[in-house]
Structures are given as C-alpha cells and as structure tokens.
Amino acid sequence: MKQRMITRTVWLLSLVSLFTDMASEMLYPVMPLYLREIGFSMVAIGILEGVAEAVAGLSKGYFGAWSDSVGRRMPFVRWGYGLSAVSKPLLALFSNVAWVFFCRTTDRIGKGLRTAPRDALLSDEATAATKASVFGFHRSLDTVGAMLGPAAAVLFLYFFPGEYKSLFIWAFIPGVAAIVVTFIVREKRRAKKASTNRVRFSFAAAFSYISKSNRSYRLLVAPLLVFTLFNSSDVFLLLRMKEAGVSDTALIGVYIFYNAVYAALAYPLGRAADRIGLKTVLVAGLILFAVVYTGFALFNSVAAFVLLFFFYGCYAAATESISKAWISNIVPAAETATAIGSFEGFKNIAAMLASFIAGWLWQVYGAATAFISTAVVTIVVTAVIIIKTRPAKPVV
C-alpha cells in the first residue's frame, strides 16, 4: 500500500505552526504602537527587537544539538511552543522595561527551543524523495497563520480601537490551541544512530558544527549565509513602496497578497522540487529574488510592485522549505536538528547585519544602490551554488 506523503504528524505540526503564527502575527502590527504607548523610544524598540532576534538565533543551534544528543524532539517542541504562548499575555501585565524585555526574550527562547527539533521531526516523517513536499506543506499552513493573525488584529482593533493589552490576552487563545495540539503528536521511537560528527549540546559545539560538518553541507550553507547577509528585512521593500507614493492601504494589501502567494505555492513547489530536483527549484527561487530586487530599484508603480511581490512570494516558496529539505538530506539523521539549528542560528545573525547594511547603503547611496547591490550578490551566490553544489545521496 502506498505510504501517505503528508502524515498525521506532519498535519499536526503544521496546525501547531499555524496557530502559533496566528498568535504572533496578531501582535506584530501593534507591537511598536504598544511599546511607544508605554514609553519606549524608537532606539529602545530597536534594541529590544535586536536582542530578541539574537536570542532566537543563538539558541537554535544549541537546542538543536541538545535534541540530537538525547535523541528526542517533542519535549523541545512542547516547551518551545508553550513558552511562546505564555509570553504573550504576560506582556499585558506590566509595562516596565525589564518585564517587557523578559517577555520578548522568553518568546524568542521558545522559538529557538522548538525550531530545529520540529524540523528534524518533520524530516523523520519524510523520505528523501518527499522532504521538500513535507517542509513545503508545513510552510504553507504556517504562512496561512501569518495571514489570519493580522486580519484578526485589524478586526479586533476596528471594534475596540486602542485596546492593545486586551489583544495580547486574546492572542493567548490560538497559542493555547497550539500547545494542546502538541500533546496529540506522537514521536516515533527510534534507536540512536552513531555519528562521527556527533556534537554535545553547548553553544560552542553547536556553532562550530559548520566547520566539522561534511563538505556537501558546507558548500550549500556557506553561499546561503552570504545571501542572507544581503537579504534585508521586508520592511525595506515596504519603505520603497512608501517612498514611491503608494498609500498605506495599498501597501498593506500588497503585502497580504505576497503572503497569500507564499502560502499557496510553498507545497506545490515543494512537490515540484521532489520531482525535478531541490537544486533546480532553489536556484530558480534565487534568480526570482534577484529579479525582484532589480525591479524595486527600477520601477515605481503599484502595478509593478504587485507583480514583483508575486515573484517575491514565488521566491520565498521556492527557497525556505527547499533549503531545509536539502540540508536534512545531506547530513546524518542523528545530526539533523544540529545542522538545521546551526544554519538557522547563523541566518538570524546574518539577517540582523543585513538590515544594517541595507540601511547604510540606502542612506549613503540611495535606495536603488541598496537593491541593485543585493541583486548582484544574489546572482553571484546563485552561480556558486550552481557550480559548487550537487544534491548528494541522502546520508544515513
């Protein structure tokens, strides 16, 4: 009998991500407004978010290595989603700086705690021929949550304007739903597999994994991290639209359209990658990214931005899940969480630097230079991936 590609566990983990992203994205649009209301300066907001993302990045490799060392996934997944869910209503209790930092850091520790073990669990549910489909399906539902969250927030604030603290409490509901679903997930019992590169769980070991890993992993991860170093926050795309005179309503509408494209295409492009090759789809996605950033440098109309954001959604669907599937295929199964966690951790750090680089280029040389520079780096990275990498046979 033919085995199901999207198993019960994949469905449940995808629903958990949907609920969690819904809770997070309910608060994302109003977080800066709430922080300003309780007295945070723009500098303080920047420091808060920078620290929060650094915590998430640094902890992914650590908890991924820990998960591999004990051969368990679900305890990390449950605690990770639990911490993120609980941290949201806690933000509404007090408004002093230390408390807000504690809550945001707790939320990001939760993300770092769950990300790599969850991805390893998804990898365990797939075969080498179906991993891109499985990761793509998970990303699709995750992105649906990212669409539902802001929609729910807008609806709530329409009827209850300015009730930010109440929104934090309401965001706990999808967070609780996520926690409940994690207790339905059953982790497969499996014997621990020996590995010559097995790492102990420590920050140093987790972040030295790249240097100790196999050649296929390094040849893929290195150019992707260089790409991330120039792939700045989506905020810069929105600022470019604003600079071109696009209204706030149209701007939000275009960004929702992008998320819809991303959600709709992540699973189909994952299936396509399993059929025609992970490398083919990933390279196509990077080329689309270069086209998008070149377009943002050259065009100014709403119609052009809509088309570019369509391509941007295609790029996201063709790269995020595919890169995880590729990584999980070229490292030993006993190192999956460490490999993905280390990569994701360095990605977080590179992404922070990317926004600084883009902001500096924009301020000194203008928006066009910032976008063209990113497009050029992307083409170089794509060429390196085409020349240097080849999808290896799965490592067992």
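**Close-up views of a predicted model**

**View 1. Leu298 in helix H14.** Leu298 lies in helix H14, which spans residues 278–298; helices (H or I, at least four residues) are DSSP runs numbered from the N terminus. This is a predicted model, in which local features need pLDDT of at least 70, side-chain atom pairs count only at pLDDT 80 or more, and totals for chains, interfaces and linings use all residues. Residues are numbered from 1 along each chain as its sequence is written, and side-chain values use heavy atoms, with hydrogens and water left out. Leu298 is exposed, at a relative accessible area of 54% (exposed is over 50%, buried under 20%, partly exposed in between, with a 1.4 Å probe and protein chains only). Between Leu298 and Ile372 the C-alpha to C-alpha separation is 9.2 Å, although 74 residues part them in sequence.

**View 2. A surface patch of positive charge.** Arg215, Arg218, Lys388 and Arg390 gather in this patch. Patch residues have over 30% relative accessible area and no salt bridge, like charges being joined within 9 Å; a salt bridge is a side-chain nitrogen of Lys or Arg within 4 Å of a carboxyl oxygen of Asp or Glu. Lys388 belongs to helix H17 (residues 367–388).

View 3. Within helix H12 (residues 235–243), the buried residues include Phe236, Leu237, Leu238, Arg240 and Met241.

View 4. Cys103 is buried at 1% relative accessibility, and Cys314 is buried at 11%. The structure holds 0 disulfides, a disulfide being a pair of cysteine sulfur atoms within 2.5 Å.

Methods
Helices (H or I, at least four residues) and strands (E, at least two) are DSSP runs, numbered from the N terminus. Patches are made of residues with over 30% relative accessible area and no salt bridge: like charges are joined within 9 Å, nonpolar side chains (Val, Leu, Ile, Met, Phe, Trp, Tyr) within 5 Å. Accessible areas come from the Shrake-Rupley method with a 1.4 Å probe; for residues, only the protein chains shown count as cover. Lys and Arg count as positive and Asp and Glu as negative; His and the chain ends are not counted. The place of a charge is taken as NZ of Lys, CZ of Arg, CG of Asp or CD of Glu.
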